[in-house]
Amino acid sequence: MLQIDNLQVSVDDRPLLKGLSLKVNAGEVHAIMGPNGSGKSTLAAVLAGREGYVHTGGTVRYRDQDLLAMAPEERAREGIFLGFQYPVEIPGVNNVYLLKASLNAQRRHRGEPELDAFEFLRLVRGQMEMMGIPEEFLRRSVNEGFSGGEKKRNEILQMLILQPRLAILDEIDSGLDIDALKVVSTGIQAMRSPDRAMILVTHYQRLLDYVSPDYVHVLAGGRIIRSGGKELAHELEAEGYEGVLAGAAGVAK
Amino acid sequence: MAAVRAVRAYLDRDAFGVAPDPALAERGAVHLAAAGLPGAPAESWRHTDPAPLLTRAVAPAPPGAVAPAADVLPRLVGALRRVWVNGQPAPALAEGAPPPGVRLWALEDAADGVGERLSPEHSGFAALNALSWRHGAGLALEAGVKLVEPVHLLWWSQSGDQPWDAHPRLLLRLAAGASATVVIHQAGAAAVDAFLGSVLEVDLAAGAALDLVLVDQQGAQGFALSQVAVHGARDSRLGLWLLDDGAGWVRRELELTLAEPGATLALQGLVRGRGALRVDNQVVVHHRAPQTHSLQQTRAVLQDRARAVFGGGVRVAVDAQGITARQANATLLLSRRAEVITRPALEILADEVQCSHGASVGQLDETALFYLQSRGLDRETARTLLIDAFARAALPDLPVPAVLEWVFGPAEADAFLAATV
């Protein structure tokens, strides 16, 4: 589904990704872990098409297309979803409007008829219940005045409704208390399927207690320096990034 | 010497016909001849060049203009409507009859009290209107009358081969405890070269409440200069909404007097400027009495070469203790050539007052744009959504939300919500 080869990206002439390679197949859940400043959020942003990043080398293929040549909205319509680390507050644009506009943009793109209001509301209500989001949220402006946990649950709600092929969740666990983490994890688990892939970008191992990844990658200095199964997350938890990085230094350099 | 030429042109012509109030017209003529039209050296004109207005040819509106088809005109469902086309009354387009206790009349038929709140000597343009007005509207509510239906006064500029001008005169009087909603709407076809120089006088007796919406939608050749004077007695309440959308030249001079304790003003404004729009709102709030309160919140969204000026004057009289006066302005600049100027001007002679003002200028939030794009909305749709959201937030308490449709088109999000949730 996603094939990243030797990806190099800079901001203001400062290289942030320095030859990153990663292959993600349908049905897989990959966790990308790493210390602050390692390039985790850069990777998520570049995959979703955020402006301001200069592509200096390497390739990204997504379902046999050149991902980096696509506009952010095309990527979204082709099934890529980015869950934001800091979901944006948009006063004056209500949640239900955004959800419906997003879903119908994708359905049009796929040549499917737009959902009418009744079908749409039925779909949304079911998912809202799972995420423990009260109905009044629909009328409120996107993320405006939401707590940190509410914003993250709203991201997952959007993902549940948009049903992406490839979901990239950037530190979806940050700022969550244990109850909210469980709710968010339930939403993520509900999305696992053989034809869908997920990339979980996270700083802590905590989320992975609830969502067991197939692969764990350690990102440092703009490259993946170690990859392994979920036991790698436990190793990181026990030894810290420094311990793992020291052990990997010989390999990476 | 353009101003002198313009004054002479006004004084010389008689094509307007007989003035409804000859004494008032004479006072206007005298003041205009002596003082001329104000312009650049005056402080309140520092940021708006009156030259395009003063140098244009002047002529009364062509008589017998072809009335526009009724369905072309903006309409408020259920409103009491009166329409003027090219400054001339168009009774065929009127809708609704005033209920008991409410009088809505052609001001030229009974002009008693005109000039009491805004005298011909107030300014050159006040003199010009006093001299030149021929048609207008009066609205009077008896004590305690609550008029539920909004009043829609539409001054519509239809096409004309020649440039023309008209000088509407309006008088609103609410007796004690009365309440009303009035929309004064100056709009027209895109290519009309016209000048509307209006004067509005408002009298609010004790406990009266007026929601007043002033909408200007001028085409690129359109000029509108409105002078507004409001006098608010004890515990009166004025809600004032200023809505500017278009590409023409618009200036408002508002003298809002909170004359007795308990009088309040809440002003919300939105300028949506395109092309070479020039909008200049000069507001002066006079706190003449203790415990009077004013709040001014204005926003602008400016594209192309549009330019907006907000002059926010607050004058607090020496014994007006315990007043509050707040002003805030936020502007979204969408082009390098667009421009906003905000100038609060506070003159405070009392000691126990709370006055504040603030202004912010920004561009569209790139992160919000990306967020919307990452959900599948194309960039243009995302931009429009964010711009409209910013603009709508300028008028959260608008008493006649249908007015927004003149500016934004049908409110898709709201309609959807209403239909479903």
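**A covered helix of chain B**

In helix 5 of chain B, the buried residues are B:Ala368, B:Leu369, B:Phe370, B:Tyr371, B:Leu372 and B:Gln373, where a residue is buried if 20 or more other C-beta atoms lie within 10 Å of its own, exposed if 12 or fewer, and partly exposed in between, the C-beta atoms being placed from the backbone. This helix, residues 366–373, is mostly covered, with six of its eight residues buried; helices (H or I, at least four residues) and strands (E, at least two) are DSSP runs, numbered from the N terminus. The cover over its buried residues includes helix 2 and strand 7 of chain A, together with helix 6 (379–392) of chain B. The model is a predicted one, in which local features need pLDDT of at least 70 and side-chain atom pairs count only at pLDDT 80 or more, while totals for chains, interfaces and linings use all residues. Residues are numbered from 1 along each chain as its sequence is written, and chains are lettered from A and ligands numbered from 1 in the order in which they are written.

The contact between the chains takes 28 residues from chain A and 22 residues from chain B, two residues being in contact if their C-beta atoms, placed from the backbone, lie within 7 Å. On the side of chain A that touches chain B, at least two residues each are supplied by helix 2 (72–77), strand 7 (90–94), helix 3 (95–109) and helix 4 (117–131) of chain A. Helix 3 of chain A gives the largest share of that side, eight residues. By class, the side of chain A that touches chain B has 17 nonpolar, five polar and six charged residues; Ala, Val, Leu, Ile, Met, Phe, Trp, Tyr, Cys and Pro count as nonpolar, Asp, Glu, Lys and Arg as charged, and the others, Gly among them, as polar.

Within chain A, helix 5 (residues 148–162) has 15 residues and reaches 21 Å from its first C-alpha to its last, close to the 21 Å expected at 1.5 Å a residue, the expected span being 1.5 Å times one less than the number of residues. Among the buried residues of this helix are A:Ile156, A:Leu157, A:Met159 and A:Leu160, and also A:Lys152, A:Arg153 and A:Glu155. Their cover includes strand 6 (80–83), helix 3, helix 4, strand 9 (166–170) and helix 6 (178–191) of chain A. Just after helix 5 of chain A, A:Gln163 takes a positive phi of about 50 degrees.

A:Arg196 lies in the loop between helix 6 and strand 10 (197–202) of chain A. A:Arg196 is partly exposed because 18 other C-beta atoms lie within 10 Å. Not counting residues up to four places away in sequence, A:Arg196 touches A:Ala26, A:Arg165 and A:Met191. A:Arg196 and A:Arg165 are 31 residues apart in sequence, yet 4.7 Å apart in space, C-alpha to C-alpha.

Returning to chain B, B:Ala23 is found in helix 2 of that chain. B:Ala23 is exposed, since 11 other C-beta atoms lie within 10 Å. B:Ala23 and B:Leu131 are 108 residues apart in sequence and 9.3 Å apart in space, C-alpha to C-alpha.
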